[in-house]
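Try each task yourself, then follow the solution step by step.

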Amino acid sequence: MSKSGALDLASGVGGKIDKQQVLSAVDKYEKYHGCYGGDEEGRKANYTDMVNKYYDLVTSFYEFGWGESFHFAHRWKGESLRESIKRHEHFLALQLGLQRGQKVLDVGCGIGGPLREIARFSSTSVTGLNNNEYQISRGTELNRIAGVDKTCNFVKADFMKMPFPDNTFDAVYAIEATCHAPDAVGCYKEIYRVLKPGQSFAAYEWCMTDSYDPNNREHQKIKEDIEIGDGLPDIRLTKQCLEALKLAGFEIIWERDLVKNSPVPWYLPLDTSRFSLSSFRLTSVGRFLTTNMVKALEYVGLAPKGSQRVQSFLEKAAEGLVDGGRKEIFTPMYFFLARKPLSDARESSNTAEAS
């Protein structure tokens, strides 16, 4: 089960970082971002260190407030956040046409909430790819508790350099994860390489929409707040993701920003103007209590120094996400379903024969 207590939150801050080094890690992480003197090129060049520090610092906060699945969802009226998150994951499995016994890859799997849900829903074997040691240790424990440790596993690796042979997986998916990649084309090419010919890749991507104006200072600030609060080197436009897929070799089956037909705004869980008992920790009251709890735990030494700073940039992320959603310049669920052509298998076979 997900860690839910205050002491769990306090003990988890920093992940695998030595607790005495958490404050230093926060300093280094913040300096990658524009408001602390960093720039996009620096974030891209050091994305592995930046993203690892980010998830070491924030994973216990995510698990405390969000549960095991760290993502947003298309949501119907009358549907709880937890229900919408499960349906969002099932939708992905259905779009991929997953079948019993298939071998599936989850790219950037977090602590494996979607991995476990999709594996149970589709009776498949899912491998979670993640470059963060702390998240893998949490995911491995949660897999054991859920009883899927015999069919699901984790591999620690960079999704820009996957340690799998060509044509390994029957399906690949990514949920709000490949936005951390410094180069979309390179990331999608690796996914293309490990996917079997004729099979599909589906993802929910974080993107700026066509309404984003790079010359609008307010829009720029919203983008920067999301980047520092969510460990992103940059946020691509939807059309850039689509072009990257094509350059990687994929055929596009269909693509759509699912925000556009969601009856309930995706950012509602973070909106401080609303209240919900079912997701109380995400409300303004819940976040106020969490902020003060973290402050108190850090003061008495139960949470490492720097914990308040982590809470602060997560608050900045929440504000940026809500503002980006309201202004319709950002989406966390640009969905696409793409296929690796069967012709790739024939080309590979001809190349092998020629050699």
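**Exercise 1.** Find what share of the contacts with a separation of 6 or more joins residues 24 or more positions apart.

*Solution.* In this predicted model, residues 24 or more positions apart account for 77% of those contacts in the chain. Next, look at the chain as a whole: it holds 13 helices and 7 strands. Finally, consider burial: 56% of the 355 residues are buried.

**Exercise 2.** Compare the span of helix 4 with that of a straight helix of 20 residues.

*Solution.* Start with the straight case: at 1.5 Å a residue, 20 residues would span 28 Å. Now turn to the model, where the end C-alpha atoms of helix 4 are only 24 Å apart. Just past the helix, G67 has a positive phi of about 100°.

**Exercise 3.** Work out whether R75 has a salt bridge or none.

*Solution.* First locate R75, in the loop that runs between helix 4 (47–66) and helix 5 (81–96). R75 is buried. The nearest side chain of opposite charge belongs to E79, 5.7 Å away. A salt bridge has to be within 4 Å, and R75 has none. Now look at the backbone: the oxygen of E79 is 2.9 Å from a polar atom of the R75 side chain. Beyond its neighbours within four places in sequence, R75 touches several residues, including S84, R87, S262 and P269.

Key: Residues numbered from 1 in each chain as written. Predicted model: local features only at pLDDT ≥ 70, side-chain atom pairs only at ≥ 80, totals over all residues. Heavy atoms only, no water. Helix = DSSP H or I, 4+ residues; strand = E, 2+ residues; numbered from the N terminus. Buried < 20%, exposed > 50% of the residue type's maximum accessible area, 1.4 Å probe, protein only. Lys, Arg positive; Asp, Glu negative; His and termini not counted. Polar contact = N/O pair within 3.5 Å; in protein donor to acceptor, adjacent residues only side chain to side chain. Contact = heavy atoms within 4.5 Å. Expected span 1.5 Å × (residues − 1).
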